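Please open the model in the viewer and follow the stops below in order.

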Amino acid sequence: MRLVVDLNRCQGYAQCAFLAPDVFAMHGDESLLYNPEAAAEQRENVERAVAACPVGAILLELTDEDMAGVPSPDAVAGTPSGGAR
């Protein structure tokens with residue numbers, strides 16, 4: 001998983017640092033530090049941090065390796081593909 005933060009858009013609300021402290025940290029009042037190559041174990045926390053950013057400054061890019069363990073939507077729903085009837 002790879003992270004990109006638009007530091008021009010970031011306003012320093014620090015929601016990401018609160019939700020994923022092993023990946024994001026505030027340096028001073030407004031400067032954000034982050035690990036662009038966050039560990040797979042941090043995925044859930046990172047997804048929460050991305051969703052919580054009030055200005056949408058964090059982009060999360062999942063690789064094929066990250067998606068390997070994720071079941072397809074059809075498998076989760078337990079319905080055959082093909083849509084509603």
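Predicted model: local features only at pLDDT ≥ 70, side-chain atom pairs only at ≥ 80, totals over all residues.

Residues are numbered from 1 along each chain as its sequence is written, and side-chain values use heavy atoms, with hydrogens and water left out.

Next, colour the chain by burial. Of its 85 residues, 24% count as buried (under 20% relative accessible area; exposed is over 50%, and partly exposed lies in between).

Switch to the cartoon view. Four helices and four strands are present, in the order β-α-β-β-α-β-α-α from the N terminus. Helices (H or I, at least four residues) and strands (E, at least two) are DSSP runs, numbered from the N terminus.

Now display the contacts (heavy atoms within 4.5 Å). Of those between residues at least 6 apart in sequence, 62% join residues at least 24 apart.

Finally, select the aromatic rings. The structure holds one aromatic pair: Phe24 and Tyr34 are stacked, at 6.3 Å centre to centre with 25 degrees between the planes. Phe24 belongs to strand E2 (residues 24–27) and Tyr34 to strand E3 (residues 31–34), ten residues apart. Rings of Phe, Tyr and Trp (its six-membered ring) pair if their centres lie within 6.5 Å; planes under 30 degrees apart count as stacked, over 60 as edge-to-face and the rest as tilted. Phe24 is buried, at 1% relative accessibility, whereas Tyr34 is partly exposed, at 25%.

Conventions:
Buried < 20%, exposed > 50% of the residue type's maximum accessible area, 1.4 Å probe, protein only.
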